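Subject: Structure handover

Hello,

Here is the structure for you to look over. My notes on what turned up follow below it.

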Amino acid sequence: MPKLSSIAICLCLLQQGATAFTQPSIHIQNTATTRRTTSASSLSALQLDLPQLSFPNLFESKDTKRTELKQKILALAASTNRGLTATDEQKKQMYQLFEQLEKLNPTSNPLTKPTVNGDWSLDYTTSDSILGKGGFPRVGPIIQNIDTTTLSAKNSEVVKYFYLFDVPRSVTAELSPVNSKLTDVKFKRFTLGPVGFDAPESFRGSLDITYLDEEVRLTRGDKGNIFVLTRM
């Protein structure tokens, strides 16, 4: 899997400093000098009261901002075990970073681009069922394969049942694009170890690709969950 190239945003603080003016001379030459001295003293007092202001760096490139955001997202994903151990505060932080990166999506109509195809590793999600929260742990990567040429997808993983046996399992799905970034998903067939069975007709969902580049994909599911994936 290609390593994540870097992207993001950084705020450059511009400090509005206060300039001190020297006290006027005791010997006053004339009225004009007095007015200039008084004006300078008043300006000095006003400037000393000015707050420090910060402004975003308007000249920072979108590539740089993407890099920084992706680094933050993947670091947070790793520290929370794909979201399994994320606190409410960490979930809130991830959602904010997720939304910021979505706004910098460099790929329009992602479902029509070959970049979306291939194997992707799930790095973070808010879906408890996919993470196996409260159940048997997942071992190794959780992989999603997308192939828009055949309108198919496959999710696969290894689950350690009873904390003893590593059992591979997967589900295939059929994609029905609604538009160039959103597709309906109909699950077709489940496999558990050597056993396979058809998915119930009601097993459906959707996949909305909100960000795509060569290394990272962000998607939203039909139940409000978010997903961060990296190319394998």
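Start with Arg189: at 36% relative accessibility, Arg189 counts as partly exposed. The cut-offs are under 20% relative accessible area for buried, over 50% for exposed, and partly exposed in between (1.4 Å probe, protein chains only). Arg189 and Asp198 meet through their side chains in a salt bridge (2.8 Å, N to O). A salt bridge here is a side-chain nitrogen of Lys or Arg within 4 Å of a carboxyl oxygen of Asp or Glu. Asp198 is exposed, with a relative accessible area of 55%.

First, the ground rules. This is a predicted model: local features need pLDDT of at least 70, side-chain atom pairs count only at pLDDT 80 or more, and totals for chains, interfaces and linings use all residues. Residues are numbered from 1 along each chain as its sequence is written, and side-chain values use heavy atoms, with hydrogens and water left out.

The whole structure holds 13 salt bridges. One joins the side chains of Arg220 and Glu102 (2.8 Å, N to O). That pair links distant parts of the chain: Arg220 is in strand β11 and Glu102 in helix α3, 118 residues apart. Helices (H or I, at least four residues) and strands (E, at least two) are DSSP runs, numbered from the N terminus. Glu102 counts as buried, at 15% relative accessibility. Arg204 and Glu201 also form a salt bridge (2.6 Å, N to O). Arg204 is partly exposed, with a relative accessible area of 46%. Lys70, Asp213 and Glu215 are linked in a network of salt bridges.

Around Phe187

Phe187 sits in strand β8 (residues 182-192). At 22% relative accessibility, Phe187 is partly exposed. Phe187 and Phe203 are 16 residues apart in sequence, but 5.7 Å apart in space, C-alpha to C-alpha. Contact means heavy atoms within 4.5 Å. Leaving aside neighbours within four places in sequence, the contacts of Phe187 include Val171, Ala173, Phe203 and Arg204.

Cores

A nonpolar core is a set of buried Ala, Val, Leu, Ile, Met, Phe, Trp, Tyr and Cys residues joined through side-chain atoms within 4.5 Å. The largest has 17 residues; Ile73, Met94, Leu101, Tyr124, Leu218 and Val228 have the most contacts inside it. At least two residues each come from α2 (62-79), α3 (88-102), β11 (216-221) and β12 (226-231). α2 gives the most, with 5 residues. Apart from this core lies another, of 15 residues, among them Leu111, Trp120, Ala173 and Val185. Val228 is in contact with Ile73, Phe98, Tyr124 and Leu218, among others, leaving aside its neighbours within four places in sequence.

Helix α2

α2 has 18 residues. From first C-alpha to last it reaches 26 Å, close to the 26 Å expected at 1.5 Å a residue. That expected span is 1.5 Å times one less than the number of residues. Buried residues in α2 include Lys70, Ile73, Leu74 and Ala77. Asn81 follows α2 and has a positive phi, near 55°.

Surface patch

Phe162, Leu164 and Phe165 form a nonpolar patch on the surface, with about 380 Å² of accessible area together. Phe162 lies in the loop between β6 (152-161) and β7 (165-177). Phe162 is exposed, with a relative accessible area of 57%. Patches are made of residues with over 30% relative accessible area and no salt bridge; like charges are joined within 9 Å, nonpolar side chains (Val, Leu, Ile, Met, Phe, Trp, Tyr) within 5 Å. Areas come from the Shrake-Rupley method with a 1.4 Å probe; for residues, only the protein chains shown count as cover.

Best wishes
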